[in-house]
Amino acid sequence: MNYANIKWYDISNGPGVRVSLYVSGCRNHCKGCFNKETWDFDYGTPFTKETEDAIIAGLNHSYIKGFTLLGGDPFEPENSKVLAPFMKRLRAAYPDKSFWCFTGYDFEADLLTGKQGNPDDVMDILGTLDVLVDGRFVESLKDLNLKFKGSSNQRTILVKPSLERDEVVLWDEESVV
């Protein structure tokens, strides 16, 4: 797996100051995508154990609220295979930080059904997340007033309560994570 960028002090992809990993590779190819170069699975830098260690060290500051995973798309099979063990390692190291992820895939139709990627890898990643922003970016539904998403069809989902209740529970600004 390759990654396009790591932002060590990101304030636009979740609440507070975060470390964000932009993975490479996406098959959604949404019209108007702000990150088109990450569609290419070969774009960027190889994701190594040294990269993992650097991210873990980068989160080790009290002012860092959490970690955000985006891309490209983290749930492409080539990415989720690598990210599943990393995310479990990261969650073990930081059980109290918030973990967010952005995907162009649908939570119920693609991720929970096993339609997208290896179901074990997908569920391992989902098990580490607090919030998932799902859905393709739709340029005609773009809204600059939305918080942490680009188009009005996308949802900001509280993952753990959604999995526990077997129904989508949405995040709002009152949510703790």
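This is a predicted model: local features need pLDDT of at least 70, side-chain atom pairs count only at pLDDT 80 or more; totals for chains, interfaces and linings use all residues.

**Stop one: the pocket**

Residues are numbered from 1 along each chain as its sequence is written, and side-chain values use heavy atoms, with hydrogens and water left out.

Now select Phe 34, Phe 102, Phe 137, Gly 150 and Gln 154: of the 32 lining residues, these lie nearest the pocket's centre. A pocket is an open set of points on a 1 Å grid over the protein atoms alone, where a 1.4 Å probe fits, with protein on both sides within 12 Å along at least five of seven lines; lining residues have an atom within 4 Å of a point.

**Stop two: the core**

Next, pick Leu 21, Ile 55, Phe 67, Phe 75, Leu 90 and Leu 129, which have the most contacts inside the largest nonpolar core, a group of 31 residues. Such a core is a set of buried Ala, Val, Leu, Ile, Met, Phe, Trp, Tyr and Cys residues joined through side-chain atoms within 4.5 Å. Buried means under 20% relative accessible area, exposed over 50%, partly exposed in between (1.4 Å probe, protein chains only). Helix 2 gives the largest share of this core, 5 residues; helices (H or I, at least four residues) and strands (E, at least two) are DSSP runs, numbered from the N terminus.

A second, separate core has 10 residues, including Leu 70, Val 131, Val 133 and Phe 148.

**Stop three: the rings**

How many aromatic pairs are there? The count is 8, with rings of Phe, Tyr and Trp (its six-membered ring) pairing if their centres lie within 6.5 Å; planes under 30 degrees apart count as stacked, over 60 as edge-to-face and the rest as tilted. Show Trp 100 and Phe 148: their ring centres are 5.3 Å apart and their planes sit at 75 degrees, so this pair is edge-to-face. Trp 100 is buried at 0% relative accessible area, and Phe 148 is buried too, at 14%.

Finally, select Tyr 3, Phe 47, Phe 67, Phe 86 and Phe 99, which form one aromatic cluster.
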